[in-house]
Each structure stands twice: as C-alpha cells, then as structure tokens.
Amino acid sequence: MEAGVNKVSNKRIIGILFRKEIKDVLRDRKSVLMMFLVPVIIYPLIFLLSFFIMSMMQTGAGVQTYDIVLDGMPDDMLVRSIDDIQKEDNKKKTSYKISYFDTDDFKMINHLRDVTSDGSDVSAEAYDPDSTSKDAVMEDIDMRSEAVGKELYDMIKASLEEESIDAYLSYIDGSYKLFYNSSITNSSNAAGIIGKAVSDVKQELVEESLESEGLDPSEILNPIELDSQDTATSEQSLGFFLGTIIPFMLVMSLVSGVFSPAMDATTGEKERGTLETLLMMPVTGTQIIIAKFFAVALVGIVTTILSVVSMAGLGAYVLSMAESAVGVNFGNISVGTFVPAILISLPALVVLSLFLTSICMCVTCFAKSNKEASTYLSPIMIAVMLTGYLGFIPNIELDTTMSMIPVANVCLLIKNLLLFKASAQTVMIVILSTAVYTGLIIMILGRMYRTEAVLFDEGKNALALLERRSNMKPGGVPSSGDGWFIAMVGFLLLMVVGGLLQAKLGLNGVAWTQVLIIALPVAMAVYTKKDIKKTFSIRFPSVRGWIGGLVFGIGIISFGQAVTSVVYSLFPQEGEVVTDALMNVLDGPAPWLWIVVAVMPAICEEGLFRGYLMSAFMSRFKPCISILFVAVIFGIYHTSLVRFPATALLGGAFAFILYKTGSILPGAILHCLNNSIAVCIIVFPEWMQAHVPFLMTDVQATEVVLVEVGIGAVLMAIGTVILRKRNRDVELAR
C-alpha cells in the first residue's frame, strides 16, 4: 500500500514539475515564437520566396538577348536551326532573343575598345560601317598581330568574361568550334541552344545524305524503337518528389523547436537563479529531469506537427501553381493513400524528438549562460543538418545498418514511407534503436542532474585555450572541456587529414595518422602546461596491477572476438566491406606492418584515449561515466558500425584497467597484443590456418563463440578479483 502511495506521489510531483516547465516555456516569448511562428509563418515564407525567386530568375532569363558571334558560317542552315529552337522555346515557357555578330564587326569593336583604353582619340562612335575605314582598321589588326590565333582567343575570352558577347562559334574545315563561359548564366544558356542546334543540323545533313543515296533515313537511323512506359503511380511520383524535401524540413523544424526550450530548461534555470530553489524542494534530481525532459520534448513534437500541417498546405499550393504555370501534372492523386505514411511517421518523429531533446539537454547542462549554450548547440545543429541531407542522396537505402543511425534513419524512413516501400521490420528497427539511444542518454542526463559539479559549475569544464597562457598554472590534468575539444578536433583531423593520408600513402598514411593522433593531445598538454605524467598516466603499476590487468585484458580480447563474430554474422555484407577496406590499406613488409598496426596504436591511441581523454573526464565525472565516454569515443573513432561494439568494448576495458592500476602501460601491452593477432593473420595465414583456424574467419562456429565467451568471462572475473583492491599509491595519484 505504501509503495502505491509513493508511486502516485512520484507521478504527482513529476506532473507538478512538468506543468511548471510548460509555464516557463510559454512565458518565454522566444520559445513561443520558435514553436508557432517558425513552422507556421517563417517556413512557408521561405518556401514561397524561394519559389518566386526561381520564377523571377526563369522570367529574367527569358527576356535576355543572347549575343552570338558567327565566324566562317558556310550557309544559314545553323542560323535557321537556332531560330527554330528559339520559336519552339518561346511557345513553351521562355521568351528570349538572339542577336548575331559578324566576326569582322566583333574584331572592330574590340580593337576600338583596346585603342580607347590606350588613351587614343579613336572611339567606337568614330567607326562608320559604310566607309572604307573598316578595311583599313582590319588590315591594321592583322598587321599588329604576330599570332592571330592567340590574339583572337584572348579577345574572345575577355569579351565572354565582360559579357559583351555570350558565345563565339567558328566554322573551320567542316567543324564547329564553340567558345563560351560556363560560369556565366547567359553564356551557358546560349551554349546549350547552339549545342542543340548543331545536333539538329547534323541530323538534317545525315538525312539529306541518305536520301540522296536513295535510302530511307527513318529505317537506318532508327532501326529499333523504344516504347518506354512508367509504371509508377501518381502517388509514387508525388511521394518521390516529397520524400527528398519533407524529411529534412521536418527534422530541421524539430531540432529548431527543441533548441530554445532545452536551453531555457537547463541553462535558463542557472541564469535566473531558480535552480537552487528548485533543488531545495522535496523533489529528486530524477523527477526534475523527467519533467524538464518531457516538457522540452512536447514543445518539439508540437512544433513538428505544426510544420507538417503548414507544409501540407504549402505543398498543395505549390503543386497547384506548378500545374497551372509549367504544366506539371501528377494525375489523379488520392490523398488517402498517404494517410498510413503520415500515421507511421508520427511515432518515428516522436522518438526522434525525445532523442534530440536528450542530446540538447545533455549539452546545455554544461553551459553557464544561454550564449555559451548556443555555442555548444551549434555543432549539434550542423551534425543534424548533415545527417538529414542523406535523404537527398538517391542511392542511400534504408538497410539494417542505416536503420540504426540516429536522425538519418528517421529521414530515410519517412522517405520510404512516402514511396510506399517501408517494411514493418524496418519501421520497428528505426523506432526501437532511436528509443534505446534516447534511454541511454536519459540515464546519463539523470546522473548529470545528480552531480553538483555539473549543475553548479566549478570551473572544471572550462576550455584552457580560452585563457591566456601566461595565466595558466603549471601542473594538474586537463579539464573535461579540454577533453571534449580534443575529441572533436581529433575526429575531424582523423576523417579529413587521416583519410587523405591513407588514400594517398596506404600503410605509410596509417602511420602518419597515428602520429597525428598522439601529436594533438601532447601539443595541447604542453601548451596548457599540464603535468605530462599525470595527464597520460605514465607510471609503472604494482605486480598485482600487472597481473590483474593482463588477465582481465586477455579475457576481454577473447570476449571481443566472440562479439565481433556475432556482429559480422548479423551484418555479413557490411563486414565484408570493412574487411576488404582494411586489407587494401594494410599492405607492406611484415616488420613495418607490425609496427604500424600493433605498436604505434598501442602508444598513440592509448595516449589519446586512455591517457588524455580519460584524465580529462576523470577530473569532472565519476569513473563509470568517464569509462563510458572513453569507450564510446574510441568506438566512434574507428568509423565502422560493425566494428563499433568490439572496439567500444575494448576501449572501455582498457579504461577500466587504467582506472584500477593507475597506469596506461597494461592497456598499451594488451592493445599491442590484440592488434598483433590481426598482423599474424595477414603475414602468416597458413600457420594461423593450421593452428588457430577459428581466427581466420569473421563468422565463427557457434561452439567456438561459446568457448570464447566462457574463457573471457572466467578471465575477466579473475582479473576483477585481483584488481578489486587498488593500491594506496593509485588512490594518492588520483
């Protein structure tokens, strides 16, 4: 009975806090504007302005006069073809004029322009086309030029760039040569018209030649006819059109609706000074965060629903305008066929709203002001935007792998729903995976709201680079802000610079990438005057630490082999792609291969992840949270979804060993041992096949996986017992 009362009381407290948060959001005019004004007014205005600007551009392009210079034309066949194309285009949707220049007049105008620019009294008005001075000037042009071709080319190029002409077409020995500037719209349009005209002339000449030989051009030029029939329904055609735009706009609307209330619910409480008062009440941190979380998520969901309604009305308007203006016809579209897609999209958008809310609130918890929170949220906005762009890429399919990538999975799901080809299994994977990610982040968020160092900033998250070096005190370890900064910059360098090095240099590029990985944290530690030994945990552990760390590590390596086999069995195609990519890069002499693949990662990667990042996170967070952060970042750095479980598991295990032993050395030895197995598989395949054949295949037999799990579990248990009692010097080192 008492438990029931507590349960009801807990719900009531959360309800009271939830109503309080909603009132705070509605009091904030900025949040209200973001929730109602942006989706209902701003987005339609953006679409309409874009639509009208494009229409104006087309109209503006239509009234242009294209100036074309014709040099050496044999007859008027091409001119007639250009005029026919112009008349046909004018009947459809555009209206433009074409003006022709004679090559002599073109040279004359440019000559007079050059003379005038030299300060002479000669001007364009002084030239009389009917007088004999034209021949004299043309003779002067030829006399002055030692290389007429070079001078003419420079003259054409300058005229195109200055837009005094739009195209220059010459006819020499039966061939046309076209000069145009693709960076200028009018010149590019004129080139397109000329290209089509030349193609028509070529067709006409071929037909005349065949007719002169008594042959039927239609039978020779078109021996086979192709009758294409589009089987897509009107609804599918419309769904394809909407599926490339609507998902991205919905995600952007959702994230913009979440940002402002997320800042107000976290950083806003700090700025107003009401967080302390709230914590003094008989409520728990969990109750507070649940109420704030659902209040922010509700705002995001409402914003998204308003965006859906607004876009639906705008879409109907744009389609009607398209049908009347440019003749686009989608046929008899049944709106009811899109109802299932809309109904299934709503729960996907709800879980995405919860996910983005949890991400934004986690980030803004570290900020001391709304200005600082906006800075922290900017990378989140960029990441969401780039991920949402995947919906625009035609060949990106919603397979099992993409179904588990947050944000991208929802965008692709909505796109597939609009195309009527999403399966129930895919829908469940998208919703469940996003819900799982959200649950994990909420757990982290709940822990953060029970940590005073997060709620009431103590300066442990500041980025040292923002301070003057003269004000930095020597010693200590990096802050959590330094850790996050190095993690983000390092990942960017790994993807851009490291990817380029590996693509150009192969195995040597991998070596340079490892150097880059360790150089960044070392440079940061030196510049900020940190204690190198403490920052990178450079010390010899006790004998107990060595034994316990190595036993636990060997167990986790065995367990990781089993995890890799299970993941590769679930995603065989992705696993083959990853294996082939690694084999293409890891090609070189055996000693150098071992140094690059086993030794250098044991030094460089351990120095970054278990050294710099672990000490930075330990300065602020609890050990379990720090280990979790290091594990996830280590898995992300390997840029492979199928490798993520095993790499994150190893990264977390090595961080746990460092925490227990206080030394980076056991983890480095284990890292080298784990990677040496891969080197042996590459260098000694026959020996490995004869003695340990189960390591030569990505997908192992079930009994082998069970044995690996059993051995790993036993060794990890023994290692945990040995490491249970940490030495006193490790405690002092903390």
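Biologist: Where does the charged end of R610 sit?

Modeller: The charged end of R610 sits over the ring of F634, 4.3 Å from the centre of that ring. Keep in mind that this is a predicted model.

Biologist: Which residue lies over the face of Y527, and at what distance from the ring centre?

Modeller: That one is R469, at 5.3 Å from the ring centre of Y527. R469 belongs to the loop between α17 (452-455) and α18.

Biologist: Is R469 buried, partly exposed or exposed?

Modeller: Its relative accessible area is 35%, so R469 is partly exposed. If you skip residues up to four places away in sequence, R469 touches V526, Y527 and K529. The side chain of R469 also reaches the backbone oxygen of V526, at 3.1 Å.

Biologist: How far apart are R469 and K529, in sequence and in space?

Modeller: Along the sequence, 60 residues separate R469 and K529, while their C-alpha atoms are 8.4 Å apart in space.

Biologist: Okay, on to rings that meet other rings. How do I read a pair like that?

Modeller: You need two things to describe a pair of aromatic rings: the distance of the centres and the angle of the planes. There are 13 aromatic pairs in this structure. Take W484 and F629: the ring centres are 5.1 Å apart and the planes make an angle of 65°, so this pair is edge-to-face. The cut-off to remember is that planes over 60 degrees apart count as edge-to-face.

Biologist: Which helices hold W484 and F629?

Modeller: W484 is in helix α18 (residues 480-505) and F629 is in helix α24 (residues 623-637). The two residues are 145 residues apart, so to speak a link between distant parts of the chain. W484 has 28% relative accessibility and therefore counts as partly exposed, whereas F629, at 10%, counts as buried.

Biologist: What kind of pair do F617 and F629 make?

Modeller: Here the centres lie 5.6 Å apart and the planes are at 70°, so F617 and F629 are edge-to-face. F617 is in helix α23 (residues 590-618), 12 residues from F629 in helix α24. With a relative accessible area of 0%, F617 is buried.

Biologist: Which residues do ring pairs link into a cluster?

Modeller: The cluster consists of W484, F617, F621 and F629, linked by ring pairs.

Biologist: Now the nonpolar cores. Which members of the largest one touch the most other members?

Modeller: That core has 49 residues, and L352, L356, M361, V407, V410 and L413 touch the most other members. Several helices supply at least two residues each, including α12 (285-325), α13 (339-364) and α16 (424-448). The largest share, 12 residues, comes from α10. There is also a second, separate core of 27 residues, and F617 is in it along with L608, F609 and I625, among others.

Biologist: What is M361 in contact with, beyond its neighbours within four places in sequence?

Modeller: M361 is in contact with A262, T266, I289, K292, F293, V296 and L445. Let's follow T266, which lies in helix α10. T266 counts as buried, because its relative accessibility is 1%. A polar atom of the T266 side chain lies 2.7 Å from the backbone oxygen of A262.

Biologist: And how do I read the strands?

Modeller: Here's the general idea: in a regular strand the side chains alternate between the two faces of the sheet. In this model, strand β1 (residues 65-71) pairs with strand β3 (residues 167-172) in the parallel sense, over 4 bridges. In β3, S170 is the bridge partner of D71.

Biologist: Do β3 and strand β4 run parallel or antiparallel?

Modeller: β3 and β4 (residues 175-179) run antiparallel, joined by 5 bridges. Y168 stands opposite F179 in β4. The two strands form a hairpin with 2 residues between them, and D173 in the turn has a positive phi of about 50°.

Definitions and conventions
Residues are numbered from 1 along each chain as its sequence is written. This is a predicted model: local features need pLDDT of at least 70, side-chain atom pairs count only at pLDDT 80 or more; totals for chains, interfaces and linings use all residues. Side-chain values use heavy atoms; hydrogens and water are left out. A nonpolar core is a set of buried Ala, Val, Leu, Ile, Met, Phe, Trp, Tyr and Cys residues joined through side-chain atoms within 4.5 Å. Buried means under 20% relative accessible area, exposed over 50%, partly exposed in between (1.4 Å probe, protein chains only). Contact means heavy atoms within 4.5 Å. Rings of Phe, Tyr and Trp (its six-membered ring) pair if their centres lie within 6.5 Å; planes under 30 degrees apart count as stacked, over 60 as edge-to-face and the rest as tilted. A charge sits over a ring if NZ of Lys or CZ of Arg is within 6 Å of the ring centre and within 35 degrees of the ring normal. A polar contact is a pair of N or O atoms within 3.5 Å; within protein, one must be able to donate a hydrogen and the other to accept it, and residues adjacent in sequence count only if both atoms are side-chain atoms. Two strands pair if DSSP finds at least two bridges between them.
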